[in-house]
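Visitor: I have a structure open here and would like to go through it. Can we take it piece by piece?

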Amino acid sequence: MALRPRLNDSEAPLVSFIVLSYNQGKYIGECLDSILAQTYENVEICFSDNCSTDSSWEIACQYQARYPNVIFLARQRHKYPDDTSYNLAWMNARGKYFIEVNVGDASFEPDFVSVCLNALEKNLDAGMVMVHRKLVAKDGRMIDDAPFFNRDCKIPGNDLASEFLISPVVYSTAQAMYRKALSVNKSLYGGRNDSNYYGLRIL
């Protein structure tokens with residue numbers, strides 16, 4: 001199924017992938033291909049390059065030329081902190097929901113968006129949904145990562161949510177889909193690494 005981004009579709013809301021890259025050209029193809037292969041079609045890709053010195057920008061431009069209505073590009077001319085690159089990507093994001101992606105960290109299953117979106121649409125008070133992940137070993141083997149919960153679980157309030165937030169869970173931002181209305185224009189510490197990597201779970 002080809003992606004076909006569109007606004008104001010009440011039955012199939014737009015989902016934005018916020019994709020950040022710095023000198024990760026060798027991973028861009030795998031990451032973008034996995035997004036483009038989603039079974040849910042109302043998806044856009046907002047790609048931001050933080051002045052890479054490798055082939056990252058050229059590869060991104062090649063993809064954008066093939067998918068001009070799906071992929072939106074931004075590039076910093078000088079290397080700045082990650083929050084600046086993140087904000088550039090956000091300028092193009094129009095979705096009701098979003099996923100943050102570091103190019104080198106993620107490749108998505110085809111039903112990732114549809115599974116996450118279904119959970120958020122059924123739970124209108126939920127700010128985010130997180131999936132389990134697999135890790136890639138040095139020899140290329142896929143390893144199931146131990147999940148925080150061993151079953152489907154809705155965190156029902158502040159007490160359990162607080163326990164989750166302070167637990168020693170190291171997760172990838174790409175494991176979570178967020179509801180934009182509950183997180184945009186809010187900040188804990190003012191920077192992307194604090195507010196968006198950790199703070200979105202609290203918000």
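**Strand β2 and the rest of the fold**

Guide: Start with β2, which is mostly covered: 7 of its 7 residues are buried. Keep in mind that this is a predicted model.

Visitor: Which residues of β2 are on one side, and which on the other?

Guide: V43, I45, F47 and D49 lie on one side. E44, C46 and S48 lie on the other, and both faces are covered.

Visitor: How many bridges pair β1 and β2, and in which sense?

Guide: There are 7 bridges, and the pairing is parallel. As one example, V19 has F47 in β2 as its bridge partner.

Visitor: What is the strand order of the whole sheet?

Guide: The order is β3-β2-β1-β4-β8-β5. The sheet is open, has 6 strands and shows mixed pairing.

Visitor: Which strands stand at the edges?

Guide: Those are β3 (71–75) and β5 (128–130). Each has a single partner strand, so one side of each is left without a neighbour in the sheet. From one strand to the next, the twist averages 20°.

Visitor: How do β4 and β8 run, parallel or antiparallel?

Guide: They run antiparallel, joined by 2 bridges, with β8 covering residues 176–179. Y97 stands opposite R179 in β8.

Visitor: What does α1 touch on the sheet?

Guide: α1 packs on the sheet against β1, β2 and β4, and its direction makes about 160° with that of β2. α4 also packs on the sheet, touching β1, β2, β4, β5 and β8. The direction of α4 makes about 40° with that of β8.

Visitor: Back to α1. Which of its residues are buried?

Guide: They are G25, I28, G29, C31, L32, S34, I35 and L36. These buried residues pack against β1, β2, α2 and β4.

Visitor: Why would residues three or four places apart point the same way?

Guide: An α-helix has 3.6 residues a turn, so residues at that spacing point the same way. In α1, the buried set includes I28, C31, L32 and I35.

Visitor: How far apart are the end C-alpha atoms of α1?

Guide: They are 17 Å apart. At 1.5 Å a residue, the 12 residues of α1 should span 16 Å, which agrees.

Visitor: What does F17 touch?

Guide: Leaving out residues up to four places away in sequence, F17 touches I35, V43, E44, I45, C46, I99, V101, F108, F112 and V113.

Visitor: Changing topic to the backbone. What is phi for N8?

Guide: It is about 60°, positive although N8 is not a glycine. N8 lies in the segment before β1 and is exposed, with a relative accessible area of 81%.

Visitor: And where is C51?

Guide: C51 is in the loop between β2 and α2. Its phi is near 60°, again a positive value in a residue other than glycine.

Visitor: Is C51 buried or exposed?

Guide: C51 counts as buried, at 19% relative accessibility. The cut-off for buried is under 20%.

Visitor: What about M130, which strand is that in?

Guide: M130 is in strand β5 and counts as partly exposed, at 28% relative accessibility. M130 and S172 are 42 residues apart in sequence, with their C-alpha atoms 9.8 Å apart in space.

Visitor: Last, the overall numbers. How many helices and strands does the protein have?

Guide: The protein has 6 helices and 8 strands. Along the sequence the pattern is β-α-β-α-β-α-β-α-β-β-β-α-β-α. Of the 203 residues, 42% are buried. Among contacts between residues at least 6 apart in sequence, 76% join residues at least 24 apart.

Visitor: What does the accessible surface come to?

Guide: About 11,400 Å², of which 51% belongs to carbon and sulfur atoms.

Definitions and conventions:
Residues are numbered from 1 along each chain as its sequence is written. This is a predicted model: local features need pLDDT of at least 70, side-chain atom pairs count only at pLDDT 80 or more; totals for chains, interfaces and linings use all residues. Side-chain values use heavy atoms; hydrogens and water are left out. Contact means heavy atoms within 4.5 Å. Two strands pair if DSSP finds at least two bridges between them. Helices (H or I, at least four residues) and strands (E, at least two) are DSSP runs, numbered from the N terminus. Axes are lines fitted to C-alpha atoms, for helices over the stretch in contact, and angles run from 0 to 180 degrees between N-to-C directions. The expected span of a helix is 1.5 Å times one less than its number of residues. Buried means under 20% relative accessible area, exposed over 50%, partly exposed in between (1.4 Å probe, protein chains only). Accessible areas come from the Shrake-Rupley method with a 1.4 Å probe; for residues, only the protein chains shown count as cover.
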